[in-house]
Amino acid sequence: CVCVLVCLCACLRVCVCVCVCLCVCVDVRTGAGAMDCSGQHATPDGPAASLRPLPGASAFGTSMPSDALATEAGAVGGGAIGGGVGGGDFAGLQALRGSADGLFAAIETRLREAARREQEADAVREQSRHEREDFERQCAEVRASMDIARELLQAERRELEDEKARMQAPDARRSDVLSLNLGGERVVQRRRSTLCAVEDSFLAARFSGRWEQELDLDEDGKYFINYPPELFLPLLDYLGAKETEGPARQLPLPLGPDGQRPQFQAMLRYFGMLPAVSILDVLQIPYEDVAGSDHGLAFEILPKNNSLMLVALETCAGRFVTNVATATVYICQGTLVRRLRQRDEWRQAAVCSLRPGLSSRIELSEPVRLQANCQHCVYIATNHANGIAYGGGARGGTDVCGENEDLCVYAARTSGSMVPFAGFEGFLYWHKFNGKLEYTLVDGI
């Protein structure tokens, strides 16, 4: 359409130019003939001479400039001839031609603008096409992922329905009496509800009826327990007492037989009745209320009848620390008074940050083995004068800060120097470690 409009405008412009030139030639020739009839400015050649074109004019009267043409026509026609072409007529023709040129220029401007907008529209259409293709591709990817998720959800739903069907099986009543083969040494009988007394445990899940097909059976069809009677019977007694007392009352777990406590704790962890680690809590003052603090703190710990793996510590920085204090933990074997003078015997176990008045857990880079019935030392050094907080005072290094059946923690000495293993000289002040220790029994890992 744009190209057709351009061609039409060009043709129209040529036609207007031709018409203007023809009008000029006719007016000039008419003026010349009138002068000849009046007897003025007659040429020697007679009427035929008046039909000759003006000097400088072509056959169409367009080779001579319009100003020269108007001057020449005025000179030939004269001012006294009423029918001649005067200067005013040529001025009107010039104005008409100027208006036509302005109109053509405006049309060309509009056409260029239309072409530019057409190009912009083409660019927008191309961009829209690319965006539509990208959107369709993304929709296809989303549909594919949704199909995969739908398949997974349907698979999980089928598994859930299968599990629900197993749970609703008529042979999985809580009043069922089950025969248990304990390590092939003894057969005992307990109700299903007794084995499920600790509801969130792995043992309760195994005997809930949902996994009947996956339980181990002996040749007589009895449930096989891969633990000897001396380990499993104390657990059965605990479960019977738990069932009798109800879930509202908290009963302590049994310690297990003497000499087999690590194995008993390992069994409890397997059945989901014991945390992954044991905790010795020697927190005497809440962290937000602690008052005493210093650069460093060193204390002794004593594993009792079983070797331990020390996993982490918990304590805090003093309240006067503005942000956090950087702490480095050192551990060694031996007595505290002797090892403080033997720096080479210590090994670095962790680097952490202690927050003022807030619980700060120090996880060791790797568990540290603590030999049973041997003294071990823990030294926490910081970069701040109030970097490590401590509890109340103690009379000496033999004062016990806290203990349980596995571990004992003794009183601590403070360091007044930012330099590690310095600042313990002079007056001896003993304080209590204020925090917690996390550990596991070595034989129970």
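Which residues touch the most other members of the largest nonpolar core? Hold that thought for a moment, everyone.

First, some ground rules. This is a predicted model, where local features need pLDDT of at least 70 and side-chain atom pairs count only at pLDDT 80 or more, while totals for chains, interfaces and linings use all residues. Residues are numbered from 1 along each chain as its sequence is written, and side-chain values use heavy atoms, with hydrogens and water left out.

Back to our question. The residues are Ile301, Val329, Trp346 and Leu437, in a core of 48 residues. A nonpolar core here is a set of buried Ala, Val, Leu, Ile, Met, Phe, Trp, Tyr and Cys residues joined through side-chain atoms within 4.5 Å. Buried means under 20% relative accessible area, using a 1.4 Å probe and protein chains only. Strand β8, residues 325–333, gives this core its largest share, 6 residues. (Strands are DSSP runs of E, at least two residues; helices are runs of H or I, at least four; both are numbered from the N terminus.) Apart from this core lies another, of 28 residues, including Leu178 and Tyr238.

Now look at Leu437. Leaving aside neighbours within four places in sequence, its contacts (heavy atoms within 4.5 Å) include Ile301, Leu310 and Ala312.

Four strands form an open sheet in the order β4-β17-β7-β10, with antiparallel pairing; two strands pair if DSSP finds at least two bridges between them. At the edges are β4 (278–281) and β10, each pairing on one side only.

Let's zoom in on β7, residues 308–315. 8 of its 8 residues are buried. With β17 (residues 436–441), β7 pairs over 6 bridges: Ala312 stands opposite Glu438, and Leu310 opposite Tyr439. With β10 (residues 360–370), β7 has 7 bridges, and there Glu314 has Arg361 as its bridge partner.

Let's finish with another sheet. Strand β1 (residues 177–182) runs parallel to β3, joined by 3 bridges, and Asn181 stands opposite Phe224 in β3.

How values were computed
Buried < 20%, exposed > 50% of the residue type's maximum accessible area, 1.4 Å probe, protein only.
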